[in-house]
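Please consult the sequence and the structure shown here while reading.

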Amino acid sequence: MCSGSTLEVLRHLGSGPHGLTEAEAEARMLVHGDNVLPMARPPSWPRRLAVAVRDPFVLVLLVLGLVSALIASWGTAGVIVALVAVSCVLRVRGERVADRSTSALRRLVATTATVVRRVGPGAGSVAREIPVEQLVPGDVVKLGPGDLVPADVRLLRARGLTVHQAALTGESAPVPKSADDVPTGESHLCWQGTSVASGSGLAVVVATGAATRLAGAGRAAIVRVTPFRHSVNGISWMLVRLTVLIPPVALLANALVHDRGPAALPFALAVAVGLTPEMLPVIVTTVLARGAAVLARDREVIVRRLPALHDLGAIDVLCTDKTGTLTQDHPEVERAVDADGRPDPRVLRWAAVNSFWTLHLADLPAPDTLDAAILRAAGDGDLENGVDALPFDPVRRLSVAVVEGPAWRHTLVMKGAVDEVLERCVLDDHARDRARATAAALAADGLRVLAVAVGERTPGHRPHDDERALDLVGFVGLLDRLAPDAAHALTALAERAVTVKVLTGDHPETAARVCRDLGLTPGVVVTGAELEALADDELAELASRTTVFARCTPDHKARVVQALRRAGHTTGFLGDGVNDLPAIGAADVGICPRDAVDVTREAADVVLAAKDLTAIDQAVELGRASTGNVATYLRVALSSNFGNVIAMVTAGVMLPFLPMLPGQVLVQNLCFDAAQLAFAFERPDPAVTRRPARLRPRGILAFIAAFGVLNALADLATFTVLRLALPEADGQAAFHTGWFVENLFTQALVMLLLRPTRRVTWPLGVAVAGLAAVGLLLPLSPFASVLGLVTLPAGYYLLLTAVLCLYGTALAVLTGSHTCRLAQRSK
């Protein structure tokens with residue numbers, strides 16, 4: 001169907017250049033269905049459970065449970081199975097809630113297409129935006145830079161069209177496309193899932209939904225090694241190693257000292273379970289899902305990939321373009337001057353000719369903001385008849401139109417970046433230097449400068465045939481006023497230790513002036529040409545100390561971002577155009593506004609309601625708060641668990657009996673795990689959000705070692721109290737009960753004191769009170785005999801209170817010292 005001539009294809013589809021009528025489109029929708037790829041259904045409960053079971057901590061627990069069953073320690077095996085079941089069910093439930101929320105948020109940024117349709121037979125065609133799901137075969141669509149190709153299409157017209165189609169063919173460079181009437185190969189076809197790099201086109205839809213090539217090829221998932229994934233993987237495997245190492249040590253020590261190796265095996269298994277943070281996946285999913293929901297509800301920031309919330313909190317460098325971020329993206333023509341800087345109305349007129357015919361002949365879905373500003377300033381007037389046009393190309397930084405001229409001649413009109421246009425003009429050195437000085441003077445006033453040049457050509461000349469030997473007409477200076485909240489947002493980001501770097505295609509003086517007006521010191525501006533002369537290591541060092549990069553191509557922006565990452569920075573990039581796509585893909589977090597071009601919006605991790613730095617500041621704040629909650633859980637859970645394990649192994653060597661029964665260890669661990677879910681609802685101290693937050697395995701390991709030893713000392717102090725205070729007749733049961741109660745109370749104390757804030761939320765208050773209640777009431781309950789617990793004398797509780805007071809004081813002092821060191825490090 002696609003290989004015939006254009007007329008044959010249109011006849012086969014029952015369509016034409018003016019598109020379908022609305023009635024025809026509705027009828028075809030009933031036949032072909034929605035233009036949606038046949039996606040896999042949301043994972044079922046069993047599938048999600050299978051994924052949850054593959055978590056490293058769950059696998060460790062299952063191995064321990066299997067060993068327990070093999071040695072007929074059914075109580076231990078039962079509790080391990082209960083822990084696995086609770087962890088997996090909570091994780092699956094959290095993931096389902098998160099998936100539903102994310103799906104609802106993504107609908108807010110649904111991709112649209114510009115379709116040409118008619119109200120009825122004989123009516124004129126009208127271009128309008130519709131959701132891509134509503135496209136049907138025979139629809140005529142417009143394609144422009146940054147558009148995702150919404151279906152498989154056959155080109156009817158194309159102007160300088162190039163398409164990124166690596167997802168289907170693996171070709172990394174944009175592929176030129178043409179609208180040949182009798183085509184060869186596939187240059188006349190564009191496939192769903194590809195994206196327009198430059199140029200424009202008019203095309204007819206030949207296949208939708210399941211009939212597209214993309215549906216048949218499938219999509220290979222690309223796993224990005226983000227800061228979040230790297231941190232969680234590092235922490236997980238560090239803990240798995242400890243969990244595998246410590247039980248054999250405990251077993252060997254009991255075998256060598258007390259000759260009870262086989263009898264101590266259930267205890268060693270219980271110790272391993274006590275060290276495992278099986279709630280980590282549940283806590284992480286819950287924290288990130290809640291944070292994403294809050295951002296969408298209160299701040300209109302849509303997180304399309306949950307781990308990106310952590311990565312937002314880790315950002316210490318934010319790269320952004322200038323237009324629409326630091327400025328309002330509503331430019332107005334301020335001046336139109338010749339090469340010597342004198343006002344000249346011809347400059348604006350020729351610029352308007354280029355803008356008008358580029359828009360109308362290149363089939364662009366919408367005018368560029370600069371073109372719209374030029375057309376507004378030029379007003380209504382007679383323009384030469386257009387012949388052909390090439391729209392703006394972000395790599396060439398030029399647009400070209402060909403119009404009818406006098407005496408059967410044609411005129412080529414070029415508009416674009418100063419250096420690119422001057423390179424194509426006939427100028428002697430003196431005139432070229434004078435022109436550059438004029439452009440620099442306009443840029444120094446904060447104006448965005450476009451050069452305009454013309455040249456006579458013979459009829460039949462196409463825009464790209466010969467772009468040399470042009471005559472410079474002059475320059476158009478456009479003023480884009482500063483965004484009202486930009487200066488405040490830059491200050492707020494600086495207070496959060498986020499360095500802002502500006503990457504723009506504008507003149508260096510324009511970018512520097514805007515930065516100075518916003519209170520951002522530009523320093524020495526580096527241009528794209530200078531970047532090309534640097535090796536990767538040199539660029540990494542330069543990028544860390546440079547604030548403004550000007551005259552950047554898309555590849556320049558991506559290379560700067562990659563250099564910053566190599567230098568050890570966690571980077572975010574804010575952009576909205578197709579020229580920002582490589583940099584968004586290179587950054588740790590890609591950010592774009594909701595009105596960004598389709599391909600950029602689909603590639604971004606975070607979508608803003610507006611291109612506003614203030615919204616990013618708020619997103620960074622919540623990202624750091626979420627990371628702080630996960631870090632708090634890890635510090636509290638692991639330091640407490642690690643301390644208990646040290647104390648149990650030590651006491652197991654010193655005592656003639658096991659310090660705690662395996663069932664008691666596991667029940668205690670189950671209670672602590674349930675209580676720690678409260679950390680998902682914490683409100684961290686504001687100080688936590690003033691510096692980049694990242695889960696660092698080495699830092700967490702150092703924290704665990706320091707506070708774990710302190711916790712172990714408290715446990716061993718309790719061990720001494722138990723040996724001195726309890727009568728010998730009470731025996732092992734009283735010792736087990738006393739240590740069981742003390743562990744629950746110390747864990748409650750740790751949950752209160754090992755947090756970066758002293759504010760107690762109601763979920764945390766309930767959790768801590770619940771732990772204390774279990775410690776007090778379980779030895780008195782009917783379940784006490786099942787767990788081997790007995791009633792303790794009242795005097796023990798007085799001694800336990802003294803131990804807890806001393807432990808709490810030491811914990812508060814050590815925590816305060818640790819907080820001071822962190823504060824000094826962040827200054």
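## Overall make-up

The model is predicted. The protein contains 29 helices together with 21 strands. Of its 827 residues, 55% count as buried. Among contacts between residues at least 6 apart in sequence, 75% join residues at least 24 apart.

## Packing of helix pairs

Two packed helices are described by the angle between their axes and the distance between the axes.

Helix α12 (residues 345–361) and helix α13 (residues 369–378) have axes that come within 9 Å and cross at roughly 130°. On the α12 side, the contact is made by Leu348, Ala351, Ala352, Ser355 and Phe356; on the α13 side, Asp371, Ile374, Leu375, Ala377 and Ala378 take part.

For helix α15 (residues 429–444) and helix α17 (residues 508–517), the packing angle is about 15° and the axes are 7 Å apart. Angles under 35 degrees count as roughly parallel, and α15 and α17 are therefore roughly parallel to each other. The crossing of this pair is right-handed. Helix α15 contributes Ala440, Ala443 and Ala444 to the contact, while α17 contributes Glu509, Thr510 and Arg513.

The axes of helix α23 (residues 613–654) and helix α24 (residues 662–676) come within 11 Å, with a crossing angle of roughly 165°. Because angles over 145 degrees count as roughly antiparallel, α23 is roughly antiparallel to α24. Helix α23 passes α24 in a right-handed crossing. From α23, the contact involves Tyr633, Val636, Ala637, Ser640, Asn641, Asn644 and Met648. From α24, it involves Val665, Gln668, Asn669, Phe672 and Gln676.

Which residues of helix α19 (residues 536–545) are buried? They are Leu539, Ala540, Leu542 and Ala543.

## Aromatic pairs

A pair of aromatic rings is described by the distance of the centres and the angle of the planes. The count of aromatic pairs comes to 4. One of them joins phenylalanine 735 and tryptophan 739: the ring centres are 5.8 Å apart and the planes stand at 90°, so the pair is edge-to-face. Both residues belong to helix α26 (residues 731–753); they are 4 residues apart there, which means that about one helical turn separates them. Phenylalanine 735 is buried, as is tryptophan 739.

Tyrosine 796 and tyrosine 797 form another edge-to-face pair, with 5.7 Å from centre to centre and 65° between the planes. How far is each of these two residues exposed? Tyrosine 796 has a relative accessible area of 2% and is therefore buried. Tyrosine 797 counts as partly exposed, because its relative accessibility is 23%, and the buried class requires a value under 20%.

## Charged groups over rings

In two places an arginine lies over an aromatic ring. Arginine 213 is placed over the face of tryptophan 191, at 3.8 Å from the ring centre. The charged end of arginine 635 sits over the ring of phenylalanine 703, at 5.4 Å from the centre of that ring.

## Individual residues

Arginine 397 has a positive phi of about 60°, although it is not a glycine. This arginine lies in the loop between β11 (386–393) and β12 (398–404). Arginine 397 is buried, because its relative accessible area is 11%. Alanine 497, likewise not a glycine, has a positive phi of about 65°. The loop that holds alanine 497 runs between α16 (486–495) and β16. With a relative accessibility of 34%, alanine 497 counts as partly exposed.

Valine 589 lies in strand β20 (residues 589–593). Its relative accessibility is 0%, so valine 589 counts as buried. Valine 589 and glycine 572 are 17 residues apart in sequence, and their C-alpha atoms are 4.6 Å apart in space.

Notes: Residues numbered from 1 in each chain as written. Predicted model: local features only at pLDDT ≥ 70, side-chain atom pairs only at ≥ 80, totals over all residues. Heavy atoms only, no water. Phe/Tyr/Trp six-rings, centres within 6.5 Å; stacked < 30°, edge-to-face > 60°. Helix = DSSP H or I, 4+ residues; strand = E, 2+ residues; numbered from the N terminus. Buried < 20%, exposed > 50% of the residue type's maximum accessible area, 1.4 Å probe, protein only. Lys NZ or Arg CZ within 6 Å of the ring centre and 35° of its normal. Axes fitted to C-alpha atoms, helices over the stretch in contact; angles between N-to-C directions. Contact = heavy atoms within 4.5 Å. Parallel < 35°, antiparallel > 145°, perpendicular 65-115°, else oblique. Left-handed = near helix turned anticlockwise from the far one by under 90°.
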